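Please look over the sequence and the model below before reading on. The paragraphs after them go from the whole chain down to single residues.

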Amino acid sequence: MSSVFVTGCAGFIGSHLCERLLEEGFDVIGIDNFDDYYDRRIKERNLINLLNKRNFKFIEADVRDSKTVENMLEKRSIVIHLAARPGVRASIKHPKLYFDVNVRGTMILAEKSVKKEVEQFIFASSSSVYGTSQLPFKESLPADKPLSPYASTKRCCEILLHSISNCYSLPVTCLRFFTVYGPRVRPDMAIYKFAQAIREQKDVILYDGGRLKRDYTYISDAVEGILKAMKRRFAYEVFNIGSGRPIEIRYLVKLLEENLGRKAKIRVRPKPKEDMPATHADLTKAKNLLGYSPRVFIEDGVRKFLEWFLKTQAELPEP
């Protein structure tokens, strides 16, 4: 069985993925630089269940560190590239940083993957590449009008990896994730901020009155999508990984209110120009070629998220 090299292993999706890979019997090599986008201690907590595992090796490093990446990457391994500078709004303030981390980092990792003859390169892309494309989003759409620097970096990486796949025969699969949520979700994500605001009776900011629509994907479905992709090798393919069941953001707030037993103090604001009005994954291709089929409905996912959220609120000490 091939070893699996996971970048961003201490993050939300990365830590869940590594745990699942170890359960499946893989040897996992993880890399993470504890980027300062959010509190380092959150990522350290994500790693707790991994560091004592015999088949897990971790190193703190940046994917832009070419020498370290080459030394860590094993011949004919599988690469799952999750590491990235996240955040649509933050990317507007720091576009150069986003392109350096996301695009140059991917270039370096892909270059070393070619050199090490890796068996498969799986790249974590984003539904944000679709911009204002026609709904539901199909992989065949042009995806040529991303609305933020973050979205642009993800699309640039897809195009870059297509070229590398074509020129160097690197098998590449790009997975366009749709708003992944669940236990360990990043604290900047809407579901976390909403839950925290409702619990503390602070304002919940709803853009366009909460009428924006998002295709929410529970973490176990996202991880399952990655494992399904690992079982099929392509020269180059792109797949949507979502729920296929978009909801209005105000319905998410309603579910949080019901589960927390508190009403939200809602403040309505205009939609920022970098925000997509709606996302909706067409899963036909993923179902037909990968056998991907999401299982967790938003009502169950929110309940599971809140069980974790309420349990962990007091765990991190004050800085």
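This is a predicted model: local features need pLDDT of at least 70, side-chain atom pairs count only at pLDDT 80 or more; totals for chains, interfaces and linings use all residues.

Residues are numbered from 1 along each chain as its sequence is written, and side-chain values use heavy atoms, with hydrogens and water left out.

The protein chain contains eleven helices and 13 strands; helices (H or I, at least four residues) and strands (E, at least two) are DSSP runs, numbered from the N terminus. Its C-alpha trace spans about 55 × 45 × 40 Å along the principal axes. The radius of gyration of the protein chain is 19 Å, which agrees with the value near 20 Å that a compact globule of 319 residues would have. That radius is taken over C-alpha atoms, and the globule rule is 2.2 Å times the number of residues to the power 0.38.

Of the 319 residues in the protein chain, 55% are buried. Buried means under 20% relative accessible area, exposed over 50%, and partly exposed in between (1.4 Å probe, protein chains only). Contact means heavy atoms within 4.5 Å. Among contacts in the protein chain with a separation of 6 or more, 83% join residues 24 or more positions apart.

Helix H7 covers residues 190–199, and its buried residues are Ile191, Tyr192, Phe194, Ala195, Ala197 and Ile198. Which elements cover these buried residues of H7? The cover includes strand E7 (180–181), strand E8 (203–207), helix H9 (249–260) and helix H11 (298–312).

Arg184, in the loop between E7 and H7, has a phi near 80°, a positive value in a residue other than glycine. Arg184 counts as buried, because its relative accessibility is 15%. At 37% relative accessibility, Gln201 is partly exposed.

How many disulfides are there? The count is zero, where a disulfide is a pair of cysteine sulfur atoms within 2.5 Å. Cys9 is in no disulfide, and its nearest cysteine sulfur, that of Cys18, is 5.1 Å away. For Cys174, the closest cysteine sulfur is that of Cys157, and a bond is ruled out because the distance is 8.6 Å, which is too far. Cys9 is buried at 0% relative accessibility, and Cys174 is also buried, with a relative accessible area of 0%.

The loop between strand E5 (120–126) and helix H6 (149–168) holds Lys145. Lys145 is exposed, with a relative accessible area of 57%. Leaving aside neighbours within four places in sequence, Lys145 is in contact with Gly131 and Thr132. Pro136 is also in the loop between E5 and H6, and the peptide bond from Leu135 to Pro136 is cis, with omega near -10°.

Glu74 sits in another loop, between helix H3 (66–72) and strand E4 (78–81). Glu74 is partly exposed at 41% relative accessibility. Apart from neighbours within four places in sequence, Glu74 is in contact with Ser3, Ile29 and Lys116. Glu74 and Ile29 are 45 residues apart along the chain, and their C-alpha atoms are separated by 9.1 Å.
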